Amino acid sequence: MSLKRLCLKPGAEKRLRGGHLWIYSNEVDNQKSPLKSFAAGEQVVVESDRGKALGVAYVNPNTLICGRLVSRDLDYKLDRSLLVHRLNVALSLREMCFSEPCYRLVYGDSDGLSGLVIDRFHDIFVVQVSTAGMEAVIEEIVAALNKVFKPEAILLRNDGKMREMEGLETYVEVVQGDIAELSPLIENGVPLLAPLQRGQKTGWFYDHRVNRARMQELVKGKRVLDLFSYVGGWGVQALAAGAEMVSCVDASHFALDVARENARLNGKEDRFDPLHGDAFDICKALIAEKERYDLVIVDPPAFIQKKKDIRNGERAYARINNFAMRLLNREGVLVSASCSMHLQRESLVDIIRSNSRELDRNSQIFDQGHQGADHPLHPAIPETDYLKALFVRVLPVS
């Protein structure tokens, strides 16, 4: 079946030629190809204002990013064959970088599959679709996974916030096999469990893998505080690396129960201290009780969801990092992380600087972390580079 044309305004193809994959609604020539004439999820041939074909994209006329390129070759549409190819290419990177089959297998644009995320937990695959174009080929995605991997189970975690913007319903569905309440994975050599159906996002956050490995080098014999701990990705790996004691703070009873199970799995439950409640409130209480820790991990949810949230978000990052510094022993270490794309690394550095000076202490940033190899950066799409982690020694003034 031939595809309809989506015609761009003069000059609008420049970003696409430079490697970008997105088309904005104000870049479309609505005289030649009215956006409203396309169905959400429909595939089209993208053309420059001079009629030069630029590739195949899927469209959604109702969103600001109205098109996403899926192929620069008109012979390849988004179908089972192309999905199988892209999965194999993505797999080759992960197998080059990781010894265990536990990782983000597909990271959207960076793997040529805009709107699709797939996390792998051994032979269980969690699929997250955020765009109408990917939703239109959901059956082909499942078929492609079966072609490449023959999974034990496949879970659709299609309950993300972006789906509402795309006009999609949200749902969670096991489409193949059976999935237990907690599924096993291995990260940095540590056996762990993730709540794939009830947890946040896909159930686990693989993006901080390399930063957790760096943290493990610093915690032997130390007292550790893990703020916003979720199911213990940081805290339990600290225990496995020989931490004397780890206090995990989270607002979810369920998350802390899973964190305790992870500590038990590693034979460290006696060193695990769950603290339920709001991280800000618990920090204030710990400060009042004069508690001190050798290492504090601050890995909050994204305080900045949109550009309009930057000012308030930066205040929240400043406040929680201030509390964390006040809870550190002399020459203690702060691991300060952010998954907010709109928080610049330089801004997080300045938050560390200003708060250490406010407390009349000196800070040394001795390492900086990024997202792991299973979250590769697309060089033309800055939004794919979002994760930051600063390793900071907080010293008394001398």
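What is the relative accessible area of Gln197?

Analyst: The model is predicted. In it, Gln197 has a relative accessible area of 33%. Buried means under 20% and exposed means over 50%, so Gln197 counts as partly exposed. The residue sits in the loop that runs between strand 12 (190–194) and helix 6 (209–216).

Leaving aside residues up to four places away in sequence, Gln197 touches Leu155, Arg157, Val172, Val174, Ile179 and Ala180. One of these, Leu155, belongs to strand 9, where Val126 stands opposite it. Strand 9 (residues 153–158) pairs with strand 8 (residues 124–129) in the parallel sense, over 4 bridges. Strands of a sheet pair through backbone hydrogen bonds, either parallel or antiparallel.

Both strands belong to an open sheet of 5 strands in the order 6-7-8-9-10, with mixed pairing. Its edges are strand 6 (102–107) and strand 10 (171–176), each of which pairs on one side only. From one strand to the next, the twist averages 20°.

A further part of the model, helix 9, shows how burial can be arranged along a helix. Helix 9 (residues 279–288) has the buried residues Ala279, Phe280, Ile282, Cys283, Leu286 and Ile287. Viewed down the helix axis, these fall within an arc of 165°, so they line one face of helix 9. An α-helix has 3.6 residues a turn, so residues three or four places apart point the same way. The buried residues of helix 9 pack against several elements, including strand 13 (223–227) and helix 10 (310–326).

The whole structure holds 11 aromatic pairs. In one of them, the ring centres of Phe228 and Phe280 are 6.4 Å apart and the planes stand at 75°, so the pair is edge-to-face. Phe228 lies in the loop between strand 13 and helix 7 (235–240) and Phe280 in helix 9, so the pair ties together parts 52 residues apart in sequence. Phe228 counts as buried at 18% relative accessibility, and Phe280 counts as buried at 12%. Phe228 forms an edge-to-face pair with Phe303 as well, with centres 6.1 Å apart and planes at 75°. Phe228, Phe280, Phe303, Tyr317 and Phe323 form one aromatic cluster.

Conventions
Residues numbered from 1 in each chain as written. Predicted model: local features only at pLDDT ≥ 70, side-chain atom pairs only at ≥ 80, totals over all residues. Heavy atoms only, no water. Pairing = 2+ DSSP bridges. Helix = DSSP H or I, 4+ residues; strand = E, 2+ residues; numbered from the N terminus. Axes fitted to C-alpha atoms, helices over the stretch in contact; angles between N-to-C directions. Buried < 20%, exposed > 50% of the residue type's maximum accessible area, 1.4 Å probe, protein only. Contact = heavy atoms within 4.5 Å. Arc of directions from axis to C-beta. Phe/Tyr/Trp six-rings, centres within 6.5 Å; stacked < 30°, edge-to-face > 60°.
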